[in-house]
Amino acid sequence: MKAIVRNPLLLALCMLLLVPMGQVTEAASSRNNFYNVVMQDGADPWVYKHTDGYYYFTKTTGGNVTIWKSAELTAIDAAPTRVVETGCCNIWAPELHYIDGAWYIYYAKDDGDNANHRMYVMENTSADPTQGTWQDKGQITDPTNKWAIDGTVLQTGGQLYFIWSGWEGDVNVSQNLYIAHMSNPWTIDSSRVEISRPTYPWETNHSPYVNEGPQVVVRDGVISLVYSASGSWTNDYCLGLITASVSSDLLNPASWTKRSQPIFASGNGLYGPGHHSFTQSPDGTEDWIVYHTAKFDGAGWNREIRTQKFTWNADHTPNLGVPADPNVPIPLPSGETTHIRVEGEKGTFGGAAYASQSPNGSGGMKAGHIDTPDSYVDYAVKVPKAGEYILLARTANGTAGGDWSHLQLAVNSGMPSPFYITNKGWENWGLSTARIQLHAGTNTIRFTKGSGYGEIDFFDIKRAK
């Protein structure tokens, strides 16, 4: 974006007409909805809602396993983290499970060569997985010890099963889904059994053929194994479904039935939805899917994380619908607290910054053109209590070159800090977050020029828990 030079006096008069200084705080309103991006960068999301009321989240970070701990599903991006070191290399799709009073991380890694990807396990007996010591339990494998990624655990009927994506041989031709019985959370004690391989056109439209990212959810005696199919680097990435009865022999391939069509695919301008996990709202009354999509058409492995509520079909399988429209707000998960929303255009602008029209903006307007060192936009936010708050902003960055950008964020004339915005194009809104300290009463939140360019549709403020 180029800075537009304005007459400072004329700009000030316009701002006074649009936003009288004595009415700035009236721009804030209480809201109970959000736009379904929950993390502006990342893939292979896994979230576990524990009995302590917290969501424990992880995703592919590549060099370790990072755990986020959040009281609310939509605020995960701003949650505190714990890094668990795993050693080299290419750490993919970690999952965090709670089994028999202990925590387990299942993750894929290799030695720098993808052909050597295998599954590994770590254990933590602490009540909180972001505390205590993680012990390396080593590799988890069946007797074939073939290429393996995306392992997950199915607990049913008092038994444990490991399900993963692997190669039949030693060549990357096709990723199949396998299941094996477990004698404990870190040991497989049976042969692997193939329960799915790519066969339908929507599974075999890219090479190598892919079935991966298996996740299981059980309802009324039906096991729904929802998996990712097609190339993860393409717009065709989608979710398929395999079912079995909890009373069946799960090590018998005949117990599993695959659907002929995907159950979740590109839609509403979102591409490549896949590699997901299932969870519930804070009060346990709603079911939610957390998944990644490409950031834009053809973005490949440049992905972001989204969430939305889903329902159930009459046969007790999940009805995922289509990816929620990115420009239509959806209700917060039931049990989440409402938040204060401040529209971007309702600030006080200085320098080259000003509000402009936004076709996809929540109020049809946005704050932008914070393009010069003297440019800024100020917001007055009133809160009843002092303390730590979470700021969640709907942001966009279309800076030429495709790099991340950042604005500078300052609270109450404090030291500014970078407020990062991923690059996926103007009007293609994402989510930027920060944890900030506010005092009781009216606070001033200021955005100024950083590196590259960024725009703000609105931001939400909610008390950190």
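Tutor: In this predicted model, a cavity is a set of grid points where a 1.4 Å probe fits but cannot get out.

Student: How many cavities of 30 Å³ or more does the structure hold?

Tutor: The structure holds two cavities of 30 Å³ or more. The largest has a volume of about 190 Å³, and of the 18 residues that line the largest cavity, the closest to its centre are Phe34, Tyr35, Val37, Leu431 and Asp460. Two or more lining residues come from each of strand E31 (387-397), strand E34 (425-438) and strand E36 (455-463).

Student: What makes up the lining of the largest cavity by class?

Tutor: The lining of the largest cavity has 10 nonpolar, four polar and four charged residues.

Student: Which residues line the second largest cavity?

Tutor: The second largest cavity, with a volume of about 40 Å³, is lined by Met119, Ile140, Thr141, Asp142, Lys146, Ala148, Phe162 and Trp164. By class, its lining residues divide into five nonpolar, one polar and two charged.

Student: Why is the link between cysteine 88 and cysteine 89 called a disulfide?

Tutor: The cut-off for a pair of cysteine sulfur atoms is 2.5 Å, and the S to S distance between cysteine 88 and cysteine 89 is 1.0 Å, so this pair is within the limit and counts as a disulfide. By this rule the count comes to one disulfide. In general, a disulfide is a covalent bond between the sulfur atoms of two cysteines.

Student: Why are cysteine 89 and cysteine 238 called buried?

Tutor: Buried means under 20% relative accessible area. Cysteine 89 is at 18% relative accessibility and therefore counts as buried, and cysteine 238, at 3%, therefore counts as buried too.

Student: Where is serine 232 placed, and why does serine 232 count as buried?

Tutor: Serine 232 is in the loop between strand E18 (222-229) and strand E19 (238-245). Its relative accessibility is 12%, and the cut-off for buried is under 20%, so serine 232 counts as buried.

Student: What makes the pairing of the side chains of serine 232 and tryptophan 301 a polar contact?

Tutor: A polar contact needs a pair of N or O atoms within 3.5 Å, one able to donate a hydrogen and the other to accept it. The side chains of serine 232 and tryptophan 301 are paired at 2.8 Å, and this pair is listed as a polar contact. Not counting residues up to four places away in sequence, serine 232 touches Glu212, Tyr237, Gly300, Trp301 and Arg303.

Note on methods. Residues are numbered from 1 along each chain as its sequence is written. This is a predicted model: local features need pLDDT of at least 70, side-chain atom pairs count only at pLDDT 80 or more; totals for chains, interfaces and linings use all residues. Side-chain values use heavy atoms; hydrogens and water are left out. Buried means under 20% relative accessible area, exposed over 50%, partly exposed in between (1.4 Å probe, protein chains only). On a 1 Å grid over the protein atoms alone, a cavity is a set of points where a 1.4 Å probe fits but cannot get out, and a pocket is an open set with protein on both sides within 12 Å along at least five of seven lines; lining residues have an atom within 4 Å of a point. Grid points are joined across faces, edges and corners, and a volume is the space filled by probe spheres set on the points. Helices (H or I, at least four residues) and strands (E, at least two) are DSSP runs, numbered from the N terminus. Ala, Val, Leu, Ile, Met, Phe, Trp, Tyr, Cys and Pro count as nonpolar, Asp, Glu, Lys and Arg as charged, and the others, Gly among them, as polar. Contact means heavy atoms within 4.5 Å.
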